[in-house]
Amino acid sequence: MYHQGVLEAIRISCAGYPTRRTFYEFLHRFGILAPDAIEGNCDEKAACKRILEKKGLIGFQIGKTKVFLRAGQMAELDARRTEVLSVAAKTIQGKIRTHIMRKKFVSLRKASVCFQAVWRGTLACKLYDRMRRQAASVKIQKNQRGHQARRSYKLQVSSVLVIQAALRAMAARNEFRHKKRSKAAVTIQARYRCHRAHSYHKKLKAAAIVAQCRWRGRIARKELRKLKMEARETGALKQAKDKLEKTVEELTWRVQLEKRMRTDLEEAKAQELSKFQSSMDALQAKLDETNAVLLKEREAAKKAIAEAPPVVKETEVIVQDTEKVHTLKAEVDELKTSLQSEKQRADELEKKRSEEAQANEEKQKKIEETEVKIRQFQDYLRRLEEKLSNVESENKVLRQQAVSVAPAKILSGRSKSNLQRNAESGHVSVSDSKITPESAVVASPKKEYDIDDKPQKSLNEKQQENQDLLIRCIAQHLGFAGNRPVAACIIYKCLLHWRSFEVERTSVFDRIIQTIGHAIETQDNNEVLAYWLSNASTLLLLLQRTLKASGSTGMAPQRRRSSSATLFGRMTQSFRGTPQGVNLALINGSMVSGVETLRQVEAKYPALLFKQQLTAYVEKIYGMIRDNLKKEISPLLGLCIQAPRTSRASMMKGSSRSNTNTAAQQALIAHWQGIVKSLGNFLNILKVNNVPPFLVRKVFTQIFSFINVQLFNSLLLRRECCSFSNGEYVKAGLAELEHWCYRATDEYAGSAWDELKHIRQAIGFLVIHQKPKKTLDEISHDLCPVLSIQQLYRISTMYWDDKYGTHSVSPEVCFTVFILVLHLT
């Protein structure tokens, strides 16, 4: 039993801490794992503890003389020790190998340097001998040629001097004779031209004043007409407008008053200046007279002194003359003081005049600032009017939605009572026959009536038949009459005749939208899309002109923001008149005076929702047409940015035959002609379908912007495209596009050509021969004002000339551009 207890204790102790090492053995074996723990510490126990803690071991025990480790910790320490030893061995081996290789390299370098020095010396000797012989031959040739040149130069100088003297004498005689003859003629011509120019200037000035007066009157009448129209539409803000008019009148009255005061001040100043000038002239005349009198008296005194013999008389004459001279000097001094005082007064008046002129200028500036503030205040009032109308329309739509939530029984009961009253009275009104059937279709879906529902059912069936007939009619291709879409006019006239815009609930709008959606399912057929774009845009314009201002902007509140943020949402909100190119004079086959004769109605929520949906469909059709054209020209754009290799080689050779050049040019621009052909076909389709010109201009503007982005990005990303010959190739293609824009006219092309400004300026930079002579200001302001510094740096660094051997921009310009790019990044 005793032995079993001892063995069990030994087993338990081995299971807890099987590894035991003295402090000296532990530090001798594992001291390399943490040298810093041994260096500054003399205590072995503390050093062992720091090594174990630094290596992250847990569960160890430190006794009085030994370190007790758990199972596996000794193996972990040995593994880390082997890692440290392997790293040290590798480091030593690397250093030794580096030392051996460096010795080999140094010896090879010394041998190669000696060999190169010997070889270069032999080459230098040979070169020096050759240069000495060439210098001797050149010196002999120079002296011989100089001798011959001096002889010929002396002969030429002597002959040239003789010829020049004769020619100059002859030219001088001819010039003198010509001046003598033409002097009188030049004088007469100058006087006559002066008279003619002066008379023409007078006539032109009078005509310009008349034209300006008439044009300003016309503009004023137009503005007055617009103000009157706005005043009729915005009756709630009439008082504010009256106040503004009063303020404007007061300001104009003040401006006129200040102008009158300014003119009066200027006249008074002119009169005072004229008075001062006349007084100064009189004083100057008096001064001259006194000076003359003084001179005369001095001469008389001199004569008297010379003629008078006695001494006493001479003294008397001298005394009288001196007294006169003193008196005259005193008068002259007084005149000078008065003249100085007058000059001071004139200076003071001039200062006052300049101060008043500055004050008038400040008042003029204040008047201009007040006019600007008045314009801003008018714009602010206009925006407030629009916000007020929007708020009113939203409140109205919310009220309509609240009414539409009412139970269906109430609506059906009201329609039933209305029908009974009309039946009792013996007649049915036109408004009831047009409004109540549509509302009854939605409000009474249940079959709860037996006898009283017969009139309502007949009206519903008739209305349903009319709607079916309309849908079948517009589903066909009705074409155009007088450059106007027939389907849009028919839809509008039917809806106006049925009073569908004033109905609370109806299904005709949903059926029309579904018909349009089914018709444009074929996205690849541009003719169908153009046809429905023309009809939808025309119908949208008619709705805009028909619905009142309070209802036209009263879309659903939850969707109004998103629709107004788009292109066509802004377009429908900003339609105040008929856009250019949209003629809506034909409605239901009859010619009327214009869009102004359309009757405005107050639309309900279904009509406003239909207008929103129609706007969305116009946007959708517009986007489909634009995307189809992009798909058609996208494959050709990749071929248009880089010239074919065969054609590029023919351009580099530069053959002199005209036929071959024209054939090569036609082969070069074949892809560009394909794009021009696609654009022309697309424009013809839009013209045939009478799409409004402002939509056509928008389509081509976006297409040209797409072409600009694709070509310019390819030019920046591909170095083979930034060559001189490739720039000429792209320039010829851009000339084809410019010619197409000229043929398409501004009515359909608009500002499409301006969208290509990035690629045009980049190509213009590529085809310039004298790039090194251009400065950064000339490139960034004159040649390429649209391109950024980063884009200019990329094009200038990627440029290479495969035709004429020209270089890119100068290194100074390239360095400055590089510095700017670094600063920007």
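Mentor: What follows is an account of helix α5, with some background on the chain first.

The model is predicted, so local features need pLDDT of at least 70 and side-chain atom pairs count only at pLDDT 80 or more, while totals for chains, interfaces and linings use all residues. Residues are numbered from 1 along each chain as its sequence is written, and side-chain values use heavy atoms, with hydrogens and water left out.

The pLDDT is the predictor's confidence in each residue, from 0 to 100. The protein chain averages 75 on this scale, and 75% of the residues score at least 70. The chain has 26 helices and five strands; these are DSSP runs, numbered from the N terminus (helices: H or I, at least four residues; strands: E, at least two). Among these elements, helix α5, residues 73–233, has the highest mean pLDDT, at 91, whereas helix α9, residues 430–443, has the lowest, at 32.

Now the salt bridges. The term stands for a side-chain nitrogen of Lys or Arg within 4 Å of a carboxyl oxygen of Asp or Glu. The whole structure has seven of them.

One of them joins the side chains of Glu76 and Arg80, with 2.9 Å from N to O. Glu76 and Arg80 are four residues apart in helix α5, so about one helical turn separates them. For exposure, buried means under 20% relative accessible area, exposed over 50%, and partly exposed in between (1.4 Å probe, protein chains only). Glu76 is partly exposed, at 33%, and Arg80 is also partly exposed, at 24%.

Further along the numbering, Asp129 and Arg133 form another salt bridge, at 3.6 Å from N to O. This pair, too, is four residues apart in helix α5, about one helical turn. Here Arg133 is exposed, with a relative accessible area of 60%, whereas Asp129 is partly exposed, at 28%. The pair also belongs to a network of salt bridges that links Asp129, Arg132 and Arg133.

Asp627 is partly exposed, at 33% relative accessibility. Across the protein chain, buried residues make up 29% of the 825 residues.
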